[in-house]
Amino acid sequence: MFEGRWCDEWRHRGRPAGPEGEREAGTTAEAGTGGWPLPLRELKALLYEVYLAAGAPSLDEMTEDIAAGDDLEGAPSRDTVHRVISDGERPGQQADVVAVAWVLARRAAWDTASLAARVRELWVQARMAQGAGRPIGDLRGDVRLVLDGGLGVHPALDSDGARDRFGILPTYIRRDHDAHLRTVVDAAVAGRSGMAVLVGGSSTGKTRALWEAVAALPDGWRLWHPLTPAATDAALAALPDIAPKTVVWLNEAQHYLGPDPRGEQVTAGLRELLTEPSRAPVLILGTLWPEHWDTLTTRADPDRHPGARALLGGHKIDVPKAFTPADLAALNATDTADPRLIQAAEHAADAQVTQYLAGVPYLMDRYHAADGATRALIHAAMDARRLGASLHIPLDWLADAAPGYLTDTEYHALAPDWLSQALAYVTTPCNGIPGILTPLNISRPRNQRTLRQPDHSPRGSHYLLTDYLDQHGRHHRATTIPPIDFWTAAAHHAHPADLTALGEAAWNRGLYRDAAQLHKHAITHNAHTAAHLVSHLHTLFPADRRPAQWVVAHVALDNPGAIADLLRELQEAGAQEQVIVLAERAAAHAALDNPGAVAELLRELRRAGAQDQVTVLAERAAAHAALDNPFGVAVLLEKLREAGAQEQVTVLLSRDPAVHATLDNADAVVRLLRELRRARAQEQVTVLAERVAAHFTLNNPEAVGMLLRELRRAGSQDQVTVLAERAAAHAALNHPDGVGVLLRELRKIGRDEAVTVLLTRDPAAHAAFANPYAVGMLLRELSKAGAQEQVTVLAEQAAAHAALDNSYAVGMLLSELRRAGAQEQVTVLAERAAAHAALKHPDAANRLLRELCRAGADEETTTLLTHDPAAHAVFDNPYAVDMLLRELRRAGAQEQVTVLAEQAAAHAALDSPYAIAALLVALGDAGADEQVAVLAERLPAAGHFALFAQVGGSQEQFRLGREPDGSAAPSWTWNDMD
């Protein structure tokens with residue numbers, strides 16, 4: 001009988017010797033490309049495997065075999081056989097599916113009885129599947145499931161018994177962002193999977209808006225909220241079981257998409273979910289604070305969130321922090337006697353109605369009124385969250401950290417029961433809403449027979465900091481380095497999963513000793529930390545081998561990529577003995593579920609000269625590495641070839657990676673096609689090319705263009721034709737830049753007919769003008785394709801209607817209008833941009849200034865400068881401030897240079913050390929030495945201590961780091977580590 005997914009013997013069978021049976025077009029099943037439910041996916045993969053092993057018989061051959069099988073209960077028609085083999089839908093009659101499996105097993109010389117039994121089992125499981133989550137109707141019926149303990153909607157403050165009379169949640173006032181969200185939700189109801197992420201500050205109404213949209217979904221929809229044991233683990237475990245008509249609820253989405261590396265794995269699963277036809281419609285809804293959105297969508301070095309950036313792009317809906325006059329009018333017109341809404345309308349400061357309803361003024365009053373140990377406890381919680389702690393903060397950590405925040409006078413006056421007094425204050429509810437800290441019950445579920453994984457979480461009480469004060473702390477305590485007690489308490493009490501981030505925060509602030517202690521404790525739970533610890537301590541103590549010895553003995557082997565990084569650091573540290581020990585452990589025991597990471601480990605083993613270990617790992621990886629990640633498989637093939645492991649390449653290819661590869665990521669598919677060509681696996685190239693041409697989704701025309709280019713390089717001309725014809729006729733036209741890329745690739749591969757078909761669909765008429773950069777790209781490609789009429793129409797519409805909130809993109813559009821010879825439209829757009837363009841982003845203002853000058857628009861340039869770009873600038877991108885400083889100097893606007901230099905030194909964002917370094921150079925070139933000093937003083941608390949020491953020339957003074965008070969760290973060694 002079968003065990004697991006299917007017998008390993010079956011998994012590794014190749015195609016039968018001799019010629020294949022005639023394969024009829026369209027009978028090839030899609031195996032391994034996702035789908036729901038899991039048993040159905042498994043059933044289809046199993047049928048596809050036996051179909052290949054049977055020689056890929058034609059539909060007529062299979063139908064004839066079934067008709068000749070007198071003892072078969074099922075008698076499926078030719079069309080039914082086709083659906084059983086190739087469709088992703090749930091099969092109708094069990095007997096028909098068994099009949100198809102039986103004749104294929106007989107042709108493949110497999111055990112027919114065992115196969116039939118397994119098929120029956122999977123058929124029943126597929127029919128019984130319900131999917132992850134719970135019916136939304138259950139949530140509508142119990143508002144407690146929607147509040148902070150459930151979906152995360154903040155309860156409103158209570159007033160005059162309003163909760164008893166009107167409910168926990170007051171009447172909802174719909175605003176502009178609700179209309180945008182409704183569009184996404186309505187599309188999902190109509191059958192199209194979609195995603196929306198509401199981005200706004202704490203207590204602005206994001207989660208309530210999501211719930212109001214979800215509550216209106218028709219019966220039959222479910223909601224899945226991955227929460228325990230941890231956000232990423234819960235998401236990864238249940239993503240394959242998401243059914244159609246499911247809402248994926250990602251409140252505070254940074255907890256799912258941010259953690260490295262599992263956040264990128266969650267992202268990949270969500271992207272596949274959105275593009276998998278068999279699971280449509282699904283609706284992914286999330287919330288993010290603006291700073292978390294920036295972290296996940298801004299390209300950095302190293303680039304830790306490329307998948308999140310691709311997933312989130314185009315799905316942002318901004319939620320303003322204040323009601324507009326129209327919103328306030330709607331609130332005042334609401335027919336309700338709810339005193340909460342009446343009070344909010346009358347008393348909310350700066351029209352921040354949702355914050356008032358969430359009790360923010362009460363919370364802030366209590367925060368500001370707290371003093372001594374109570375305020376210290378709050379600050380410890382704020383610092384814990386902003387420096388890397390997860391939501392649930394251990395009380396032991398806060399209790400041990402708080403005394404370090406006190407003055408000497410406060411510390412000596414502490415009462416014996418100070419902690420109980422402080423907790424009583426911070427946990428007291430405020431007018432019916434939770435207090436500053438909320439105690440949590442994190443005990444295991446009772447009386448449940450569930451498989452329990454080892455749990456290394458710290459025991460004892462845990463507390464949740466209210467998210468408004470969480471956000472407040474990130475802004476108002478960003479210039480503060482917590483005291484020694486905070487870090488030592490973190491090393492002993494923080495959650496193991498948080499230790500790596502906390503250690504990096506300490507190291508980046510110059511607290512080298514605390515960083516080493518935190519990272520030492522983190523190593524058994526996070527292999528990524530090991531390389532950092534070895535590198536850091538080798539820099540400080542180059543002759544001491546004890547850190548390397550300890551790390552190699554204790555590091556976990558569940559992340560081959562992290563082990564590869566550690567091997568590299570050990571070699572650079574000259575710890576050859578430890579390299580040998582780790583190489584032997586890793587080759588024999590490293591996890592194989594990430595083929596790309598395994599490939600990195602192979603490379604490092606080769607560099608270390610561990611040839612025997614290369615062979616061991618190559619054999620394990622070729623036989624057992626997961627095949628559903630095309631990028632990882634491609635990299636593994638590449639590294640096996642480079643290692644000369646041709647036998648292992650052959651083994652890996654015999655497992656049909658082209659069949660198992662998912663098709664949701666064009667970059668990954670392109671890489672696999674390329675590596676299959678280099679391995680001369682032409683049959684696999686053909687299989688993958690056929691799958692791509694027939695099944696790749698067309699909602700991203702840029703990705704389609706990329707695949708067309710690679711298919712042509714692979715010599716798959718038939719597949720190029722199929723995909724080109726599909727794309728020209730059906731590709732989505734709502735992304736102007738993507739359509740531009742598709743047009744370009746169709747021209748390059750000589751598919752003029754497809755270009756004509758695409759142009760007849762009038763891309764210019766479908767273009768949206770929210771992104772001038774994208775419109776400019778389409779304009780360029782329409783011009784090159786000779787579609788002059790569409791160029792004229794698009795140029796006129798873009799000049800008159802393009803959004804002006806991104807001046808950089810407006811500058812790019814001006815450039816493309818000039819290239820197209822649309823001088824009249826250049827003038828129209830230049831006048832609009834000079835008068836109304838948003839100038840808050842320095843790079844945007846810089847680009848717009850440059851393009852106005854190139855267009856000869858001197859009058860508009862003068863107009864723009866009178867708007868004072870320096871005064872309007874925000875400072876979230878130091879690179880951009882650097883460029884604007886230089887552009888203003890070229891324009892002779894010295895007064896604005898001075899203003900911008902002063903503002904940048906005091907307020908520039910300090911996220912990227914490279915951008916900060918560029919800004920420091922620009923300030924120096926402008927002669928702003930005083931501003932250089934001001935900016936440098938901000939660096940340590942922001943996590944750029946190394947740059948601070950370099951600017952001030954104090955590297956030797958702080959060779960062993962610093963203390964939180966700014967003094968040089970006293971001497972310490974590995975012996976001082978717990």
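These notebook entries record what I looked up in a predicted model.

**Entry 1**

I found an open sheet of 6 strands in the order 1-3-4-5-2-6, and its pairing is mixed. Strand 1 (134–135) and strand 6 are the edge strands, each pairing on one side only. I noted for reference that strands of a sheet pair through backbone hydrogen bonds, either parallel or antiparallel.

**Entry 1. Strand 2 and its neighbours**

I then took up strand 2 and asked which strands pair with it. Strand 2 and strand 5 run parallel and are joined by 6 bridges. Strand 2 also pairs with strand 6 (residues 316–318) in the parallel sense, over 3 bridges.

Met-195 stands opposite Ile-284 in strand 5. Val-197 stands opposite Gly-286 in strand 5, and Val-197 also stands opposite Lys-316 in strand 6.

**Entry 2. Burial of strand 2**

Is strand 2 covered on one face or on both faces? I found both faces covered: Gly-194, Ala-196 and Leu-198 are buried on one side, and Met-195, Val-197 and Val-199 are buried on the other. The count for strand 2 (residues 194–199) is 6 buried residues of 6, so the strand is largely enclosed by the rest of the structure.

**Entry 3. Backbone geometry in loops**

I turned next to the backbone torsions. The peptide bond from Ala-280 to Pro-281 is cis, with omega near 0 degrees. I located Pro-281 in the loop between helix 13 (262–275) and strand 5 (282–288).

I also recorded positive phi values in residues other than glycine. Ala-56 has phi near 50 degrees and lies in the loop between helix 2 (38–53) and helix 3 (59–68). Is Ala-56 buried or exposed? Its relative accessibility is 0%, and Ala-56 therefore counts as buried, the cut-off for burial being under 20%.

Glu-252 is a further entry, with phi near 55 degrees. I placed Glu-252 in the loop between strand 4 (246–250) and helix 12 (254–257).

**Entry 4. Helix 23**

Which residues of helix 23 are buried? In this helix (residues 418–426) I listed Trp-418, Ala-422, Leu-423 and Val-426 as the buried residues. Viewed down the axis of helix 23, the buried residues fall within an arc of 125 degrees, so they line one face of the helix.

I then looked up what covers them.

**Entry 5. Cavities**

How many cavities of 30 Å³ or more are there in the whole structure? My search of the whole structure returned 2. I examined the second largest cavity, which holds about 80 Å³ of space.

The lining of the second largest cavity consists of Val-534, Leu-537, His-538, Phe-541, Asp-544, Arg-545, Pro-547, Ala-548, Ala-573 and Ala-575. Helix 28 (528–540) and helix 29 (546–554) are the elements that give two or more residues to this lining. Helix 28 gives the most, with 3 residues.

Sorted by class, the lining of the second largest cavity has 7 nonpolar, 1 polar and 2 charged residues.

Conventions: Residues numbered from 1 in each chain as written. Predicted model: local features only at pLDDT ≥ 70, side-chain atom pairs only at ≥ 80, totals over all residues. Heavy atoms only, no water. Helix = DSSP H or I, 4+ residues; strand = E, 2+ residues; numbered from the N terminus. Buried < 20%, exposed > 50% of the residue type's maximum accessible area, 1.4 Å probe, protein only. Arc of directions from axis to C-beta. 1 Å grid on protein atoms, 1.4 Å probe; cavity = no way out; pocket = protein on both sides within 12 Å on 5 of 7 lines; lining within 4 Å. Points joined across faces, edges and corners; volume = space filled by probe spheres on them. Nonpolar A, V, L, I, M, F, W, Y, C, P; charged D, E, K, R; others polar. Pairing = 2+ DSSP bridges.
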